[in-house]
Amino acid sequence: MRNNSYKGMIAAAAVVALTATGCTSQDQPESKPDRPALFKPGEEISYRKYGKDYPATEVKDVPGPCSYESISRKDYSGQTLKIISHAVPVIGEPTKLHARQFEEITGAKVEVVNVPFGELHQKILTPLQAGQPAYDVMFYPSLWIGDMAPYLAPVPKEYLDTPGMKDVTKAYMDVATWNGKVVQYPVDGDRHYLKVRTDVLKDPERQAAYKAATGKDLRTPKTWAEYQEIAAFFSGKDLDGDGKPNFGSAEVTKRDDLTFSAFISRAAPYVKHPDVKGGLFFDLDTMKPLINTPGFVRALDDMVKAKSTWAPGGANFGLGDEIFSFGGGQTLMSYSWDDAFIQAQQPDSRIRNKIEAAALPGSTEVYNRTTKTWDKKPNQAPYFTWGWTSAVSKASGHQKMAFDYLCFFSNEANTALDLTVGRFGVNPYRNAHFDAAFWEKQGWDKDVAKSYVQTLSGMEKSTNRVFDLRVPGVNQYMSALANGVAAALAGQKAPQQALDEAAREWSKITEQIGKDKVRDAYRNVVALEDYR
Amino acid sequence: MTLSATDLSLTVDGVDHLKSVTATFEPGRLHTVIGRTMAGKTTLLRALAGLQEVDSGSLTRDGADLMRTPVWRRDTAMVYQQFINYPHLSVFGNVAFPLRRQGLSRDEIQRRVSKSLALVGLTGFERRKPSQLSGGQQQRVAVARALARGTGILLLDEPLANLDYKLREQLRDEFKTLFSDQGDTIVVYTTTEPAEAMMLGDVVLVMHEGRILQVGPPQEVFERPATTTVASIINDPPMNIFPGRIEGGQVTVAGFQATHVSAHLAQLPDGAYQFGLRATDVSLASAGVEGAVTFVEISGSETFVHAAVGKTPFVIQIEGIHDVALGDLVKLRLRPERLYAFDEKGSLVRTPSYDLVSVGGR
Amino acid sequence: MRPRLYPVFKYTVIALWACFVAGPFFWAMTTSFKDANAVQGGATYLPWIQYQPTATGWRNIFGGAGGIDVIQPFLNSAIVTIAASAISLVLGSLAAYALSRYRFKIGFIKNSDIVFFFVSQRIMPPVVLVIPFFYLLQWAGLLDTIAGLVIVTVALLLPIAVWVMVDFFNGIPREIDEMAMLDGCGPLQTFVRAILPNSLPGLTVAAMFCAVFGWNDFFFAFRLTFTEVQTLPQAVVALNSSIPPWWTLSAAALFGVAPLVLLAIWVERYLSKGNLSGAVR
Amino acid sequence: MYGLRRHKSMFLLPGLLTLLLIIIFPLLFTIRVSFSGWNVSSPQMDFIAGANYAAMLHDSRFWSAIMRLILLAGGTVLIQYVVGFGMALLVWRDVRGRRFWRVLFLVPMMTTPVVMAAIWQMIFHESLGPLNDLLGMLGLTKVAWLTESGPALVALMTVEVWQWTPFMFLLLLAGLLSLPKEPFMAAAIDGADVWRTFWKVTFPLMAPVSVAAVIIRLIEASKLSDSVYVLTSGGPGSSTETPGYYLYIQGLRDQQTGYSGAMSLTYLVLMIVTLTVVAAMLTRALKLKGHS
């Protein structure tokens, strides 16, 4: 399937490059003169030639410094770029794919290593701390910025000024910024939101049955209470006539998976009071943990109650299970990242176009930690759930090439194609991505595409946002929180007790890392939360 | 080329394995070391080979100290009781192994191996592995290997002990001729079998509890055992040793008037002695010392009757098969002219006069 | 048990255990021919009848889209495993021979204590070792190199080699050593010419354990390399993503087992000859 | 033996020194780090005296993980021993297709634990896995394999038994195959039945191999963590956490290097003591002499 003339051109370019560089020693970062581009401006780009597992979609190369055309002018032959990324396929597969393309058009050698989620943090951080220049480019969850920032090379101005970067939404530029410097290169935009099956929720017969049974209208849930009612009503019934029961809710609950994010999603509307400033996880003044305050406890109560609406094994679901459970049509509703939604919208999915996206459920009251009362007012708090990001190591000897790779990775053509492949885990993060027409072109129904785009862009407009705890030692904090949640879900402890213990654990961690260090970092997060 | 051991002693965990062993081994002679199991025979061989370090004493070869020569330079071959061969090598390879170490030429090795295998009667078995041979054949391989080298010292540690009776006799006869051809080699051969020691040995060394009790030509040791212990070790079945008295021309045993004092004992003063009498020299009779039968062994043409006189055990070897039942009271007749007399400490006092000694006979 | 029922009982038990042993392999095999929809649809077993098989999983482990390329990792694993096993076997059997044949006494330390020291290295939780190993290899400039990985793997395998070989040498009569020495071999020659050739079964078992633990080591290989030396378990684990491609993972798992199955067949030959230990008697 | 003394070090030292050189730094490092506050945000060798050890004493997760390990390791090794011995006996002699069975029964130990655990995770998957599906076909209720603490422990033990019974099987089969024939003939002549022959002849003869196999398996089983990591990640709650996994969480994932160092050393000492005692008890129980 390869384009032979194209290969020939690369070979020729490589020969030219080699002759030109003569006997310069290998692997020395140096700027070589540009060479002729391999692509015409605005050429059609497609992944087809890499195998039939990629969509045949074609998009136009958008001219700019990161385009195929521009990058193919660069000559990185004889140099090696080392990259660490998440396991294949989520973010790992696009990392490899674009690495291969980058090799083809620049002559560089790119080595990619893929690592499971649980290992990524220490695999990146250990060499950084030891001063070992192991990787030039690193892909990792953006909430680790507190741990990583000291070792990262700030994104140079020339890349900040690219049109692609300028189009990144405010929230994701914020996520990439540490102490006023952009140190992460945005490649993904992630948030938690709600996904539901419209073939059930919009089915008049079921609406009538639900009304008859509960006296309420069946609609996409607006609060966690509604979510629970609907999930409980339908759980255990066969909703699609395949002889197997369906279930109400799929959530990430496996302790050392991404349970902490699921819990924060459930807690967000109870704890993010639009009028209370100065911290959601900590009181910024005292650095006292707030995770055992009534809002968090209620969220955990909800989650424990929700157990009855989970599929078998639902109490040990990792993200993959959640994606398969909703994406495979087993459960009615789910909330987490885009993956399950995109998975359900793959061309061969049996629930394609029978789903819609919506904002995370909210609440009818929100806890006010200053007055210590529940304020009766409808509340919504979109959760910008970390998301993948990328960065270049300060210790890298190939920073220019590294940034060129990231700029190429995230160029408009690549991103547009990546967005359509569910397993890639690349989700909208530029304003241009909130375009329903693009998704309709992928075969999505109008309503589905609209709900998706509106949900995502709606979150950008909110002023009551929740961000992750982006401080040093975040993994420890999240691990302690997940332990508390898991203990309550397992029935080992009551929610209040479990969270009290988690809070004590948090204090200890803060003590250990240094209160001021954590506070300085947390101030960055609070600045995002309290932003108007 | 004399091998001399002087004052070798070895104590392990309070048990004497060797106790002031002094002995000289002459070239061209076959020395049999006889003793019961655990007598220290194997330890002595291992010490001679250099496999066993001793606590004290010295070992010289023609006056040159041997103690500081490592095993692999001692010019010694050894055949073990347990048919030890190299399991991974063929019969040929086994015999050729030491020759290859000596760096001999292929032809020479071929020649010596063939000769050696012919000697032990294993021609045609070259390609077999030891595990494909019978026990006797395995031991022949070990012997062939030891012989092929033509070492100055050849040690054999009860080489026949683990073989069945028939094979043992056969090999023993073969050994007799084999070892007589070994030129200047010093051969040391241990055994528990008096017959083997008598038949093979030019010199017999009797060991007991780590000591050498007596050294001498087989006939001398057989006829003149220095102590009751030697007398018992050197005979099979062991010589009957029993306390008794000489009183007024009579030998009394356990209160019985056993027999009259024959000529060779006539000079002895009255008093307490230990007497020795071979099993063949006791017979069942209508009168004599009374004993109770404790055990009866019938082996082909002979019957061994074990009887207790008082607390003293006797073994009686009689021709033919006799119907004796356990617990029967029998009368023992002791041949007076065959009595050995030892003093109360067990040292030889008088031997019977032998007219004609049949060595090795039962 | 009545004699006539015994064979029935015997074969029933063997068959049950065989099912249990083979079950995961069967499941991996059938899963390796599925796709996302077949997996999401609940448990199915038979291709064509219950689901439409596809070779995506297998294509993906040989560089297909969304997969990995197992060839280079396979070679790396093979090199590391063979080198580390060889070094461990050589050093391990020498040490084991010393511990089996000679008496050591250094203060209160005796042979059995030295053997225990070797074996105790396997008690160390790997978590403890990996950080210092990291700094050790960094200091030596051996991070992310085959050599570095081989050194660390030797530390894992050497105890196994010593443990197996001490037991094995203990089963070989010392008289063989003595005889070889009497036959003119120095100590090293004795070991090489008389003992080693008789230790092939023991060496085989030791080699198998070394190969199994070396081949399957994920923990150290993963943490002490960056990009240059990817071993097979690392390559397979790289598939354990938040959306695991079960089909590819299954295919890779089966692929990784294949060479060791050949090893199992080889080991079984020695078993059948009945000379895996106590080869002499 | 004269002339050998200087050779014995020549044999031992290459291996011993290699291991010492590789291991001594990590050991010293761990001892030192266990008195430091080395963690993810301050990777430094400061000195905080025994604070890590004091914290450890109150860490109930650590201690309950150790108690759980005793159950898990003891239980699985016992099952592995019994099953491994049983299967070795069954394919020891006169069985049709024994070479096939033997190879098949060896294969699980050849697999990479982390990878096979992922396959097992699929098998135990409560709604998509084959195990519950088969239970359903048999008309049995489905089991919450990985979400209830009892079944989760069973699942873990199943994986361990599957993976490592072959190890026992191999050692015991090799042992059986090298047994001398005479005692069996004697027993046959005495007319002893299968059961008696086993207890009077086979089992006592196999005692040394058994002790060695059980000890080495206990050592390996005490590191149990891969399957925990993949299957349950210690859950539900912390009901399947083992020391190996907890150390991993603390030491590598959360990078509490100092604290995990303290726990590791404590764990190491506990294990050495326990294993020594167990080995002595087994040896005595089976009346073995001079087992090294």
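Mentor: Start with a definition. A residue is buried if 20 or more other C-beta atoms lie within 10 Å of its own. The model is a predicted one. Now take strand S4 of chain A, residues 109-115. Of its 7 residues, 5 are buried, so S4(A) is largely enclosed by the rest of the structure.

Next, its pairing. Strand S3 of chain A covers residues 80-86. S3(A) and S4(A) run parallel, joined by 7 bridges. One residue pair to find on screen is His86(A), which stands opposite Val115(A) in S4(A).

Strands of a sheet pair through backbone hydrogen bonds, either parallel or antiparallel.

For another view of strand pairing, go to the open sheet of 4 strands in chain A. Its order is S11-S14-S10-S15, with mixed pairing. S11(A), residues 247-250, and S15(A), residues 355-358, stand at the edges. Each has a single partner strand, so one side of each is left without a neighbour in the sheet. From one strand to the next, the twist averages 15°.

Look at S10(A), residues 193-197, beside S15(A): these two pair antiparallel over 4 bridges. Leu194(A) has Ala358(A) in S15(A) as its bridge partner. Helix H14 of chain A, residues 319-327, packs on this sheet. H14(A) touches S10, S11 and S14 of chain A. The direction of H14(A) makes about 140° with that of S14(A), residues 331-336.

Terms used. Residues are numbered from 1 along each chain as its sequence is written. Chains are lettered from A and ligands numbered from 1 in the order in which they are written. This is a predicted model: local features need pLDDT of at least 70, side-chain atom pairs count only at pLDDT 80 or more; totals for chains, interfaces and linings use all residues. A residue is buried if 20 or more other C-beta atoms lie within 10 Å of its own, exposed if 12 or fewer, and partly exposed in between; C-beta atoms are placed from the backbone. Two strands pair if DSSP finds at least two bridges between them. Axes are lines fitted to C-alpha atoms, for helices over the stretch in contact, and angles run from 0 to 180 degrees between N-to-C directions. Two residues are in contact if their C-beta atoms, placed from the backbone, lie within 7 Å.
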